[in-house]
Amino acid sequence: MIEVSERIVLESALEDVWAVMDDPHSQPEISPSISAVRNVQQDAAGKSLDYTFRMAGIPIEGHMLTSVYEPRERVVFDLQGPLAGQITWKFEQRGPEETAFSYAAAYSLPARVLESVVSGGARRYNRRELVATLENLRARVETAE
């Protein structure tokens, strides 16, 4: 099981951070490992979608379903498919133009991907990807007009 988590404080209103993160179609821009998002469905309980995740150059097709959907506070996604686990987002407004955002992921890697990334360090790889995701989010929300 791979587990990574990070927290970032953004100089942006919670509503702006939420708007970007709650839109699945913005994820390929934010997360370097997500190359496609498809079949997005939403209701009051959250979202359901299919995605393509690339790890060490290997595409992994999967499905995400929200098991917890508390707008502007917390979202938990269950990952289904070869990449199985959970992703948790937490949002905290710290001021009118300041938001703390936490991203935690815990998942098992498929055997074919594990073989490719073990030699390079799966945890280091995932930590770099998570840091890049948060910095991309920062660039998106702090420079938005």
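Which residues have the most contacts inside the largest nonpolar core?

## The core

They are Trp-89, Phe-101, Tyr-107 and Leu-137, in a core of 36 residues. A nonpolar core here is a set of buried Ala, Val, Leu, Ile, Met, Phe, Trp, Tyr and Cys residues joined through side-chain atoms within 4.5 Å; buried means under 20% relative accessible area, with exposed over 50% and partly exposed in between (1.4 Å probe, protein chains only).

A word on the ground rules: this is a predicted model, where local features need pLDDT of at least 70 and side-chain atom pairs count only at pLDDT 80 or more, while totals for chains, interfaces and linings use all residues. Residues are numbered from 1 along each chain as its sequence is written, and side-chain values use heavy atoms, leaving out hydrogens and water.

## The sheet and its helix

Seven strands make an open, antiparallel sheet, ordered β1-β7-β6-β5-β4-β3-β2. β1 (2-10) and β2 (34-43) sit at the edges with a single partner strand each, so one side of each has no neighbour in the sheet. Strands (E, at least two residues) and helices (H or I, at least four) are DSSP runs numbered from the N terminus, and two strands pair if DSSP finds at least two bridges between them. Between β5 (residues 74-80) and β6 (residues 84-95) there are six bridges, and Leu-79 stands opposite Gly-85 in β6.

As for helix α1 (residues 14-21), its buried residues are Leu-14, Val-17, Trp-18, Val-20 and Met-21. Seen down the axis, they fall within an arc of 165 degrees (taken from the directions from the helix axis to the C-beta atoms), so they line one face of α1.

Thr-66 belongs to strand β4 (residues 58-70) and is buried, at 9% relative accessible area. Phe-77 is 11 residues away from Thr-66 in sequence, yet their C-alpha atoms are 4.3 Å apart. The side chain of Thr-66 reaches the backbone nitrogen of Lys-47 at 2.7 Å, and one of its polar atoms lies 3.4 Å from the backbone oxygen of Ala-45.

Lys-47, in strand β3 (residues 46-55), is buried too, with 5% relative accessibility. Its side chain makes polar contacts with the side chains of Asp-22 at 2.9 Å and Gln-42 at 2.8 Å. A polar contact is a pair of N or O atoms within 3.5 Å; within protein, one must be able to donate a hydrogen and the other to accept it, and residues adjacent in sequence count only if both atoms are side-chain atoms.
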